[in-house]
Amino acid sequence: MGMFVWREVSVDGDIYNIRETRSSTKRGELLAGETNELQDGTLIDLCGATLLWRTAEGLTKSPCRSELESRLNEINAGKPQCPVNLNTLIIPRKKSAKSYGSSRQPYVYLNCGHVQGKHAWGKNDKSESGILYKCPICLVDSSKIIQLVMGMESAFHLDSDTLDYAFNPCGHVASLSTVRYWSRIPLPHGTSSFHPVCPFCTSLLSMDKPYVRLIFQDHCSDS
C-alpha cells in the first residue's frame, strides 16, 4: 500500500475503496483485509473538514512550541535585511493587518527565493504576462511575492530543523521535511479531485511549485 491512500470507513468500521465521486451512492470495493485502527498521522475527512490524528507517542517525536519559537528567534536574531529599504525584517507568528502594512514584514520572491521587505523597486505592471517583480539582488523576474508568516501549530511540523522554506502561495514558514511531506499529500477537494494544501491554513498549494526555499540577507552586521 502506498504512503498516502484514502479509504472510506462505514459507521460499522468496514473499510472500502473510495467512491468514484463523493456524491455517488455506490460504495467502493470492500477491503476485508484492512484495519480501521488509526495510526499516527492519519487524516480524517468529514465532508470537507479534515482532522489530523496524532498519538501521544507521535507527539513526543514532534517539535514542541518552544523549539519552534527558538528556531524562529534564531532567524529574527540574525536581523535579515531588506536590500532596498535597508531595514531589519521580522517574521511574525501570525498574519494580521498590522503586520501586512509594516515595513518589517518580509516577503519572498517566488522564483529566486530572496527575502525582502515590500517595495516598488522592479515592479513591472505593464508586462504582457501580468505583473512581474524583478528581484534587486539577482534581477530574476517573479510572477508574485509572498508574505511570510510562521506556522506555529507544532503537531503539523515533522522536525525542528532550520525554518528556511515556505509554502506557496500562503507563505507559512517551516522546515524542508515539513513542506515536502505536506506537499505530497493530496486532500479531498471538490466532488472527485484531490489537492495538497498548507496544513496551517488549508490554502491549495501550487502544483508547479508548492514551496520555495528562503534566502535571507542576514547577519550583515557580524564581523
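I sorted the lining of the largest pocket by residue class and found 17 nonpolar, 10 polar and nine charged residues, where Ala, Val, Leu, Ile, Met, Phe, Trp, Tyr, Cys and Pro count as nonpolar, Asp, Glu, Lys and Arg as charged, and the others, Gly among them, as polar. The model is a predicted one, in which local features need pLDDT of at least 70 and side-chain atom pairs count only at pLDDT 80 or more, while totals for chains, interfaces and linings use all residues. Residues are numbered from 1 along each chain as its sequence is written, and side-chain values use heavy atoms, with hydrogens and water left out.

I took a pocket as an open set of points, on a 1 Å grid over the protein atoms alone, where a 1.4 Å probe fits, with protein on both sides within 12 Å along at least five of seven lines; lining residues have an atom within 4 Å of a point. The largest pocket has a volume of about 1300 Å³, counted as the space filled by probe spheres set on the points, which are joined across faces, edges and corners. Among its 36 lining residues, Val5, Trp6, Arg7, Thr42 and Leu43 lie nearest the centre.

I then turned to the second largest pocket, whose volume is about 320 Å³, and whose lining divides into 12 nonpolar, six polar and two charged residues.
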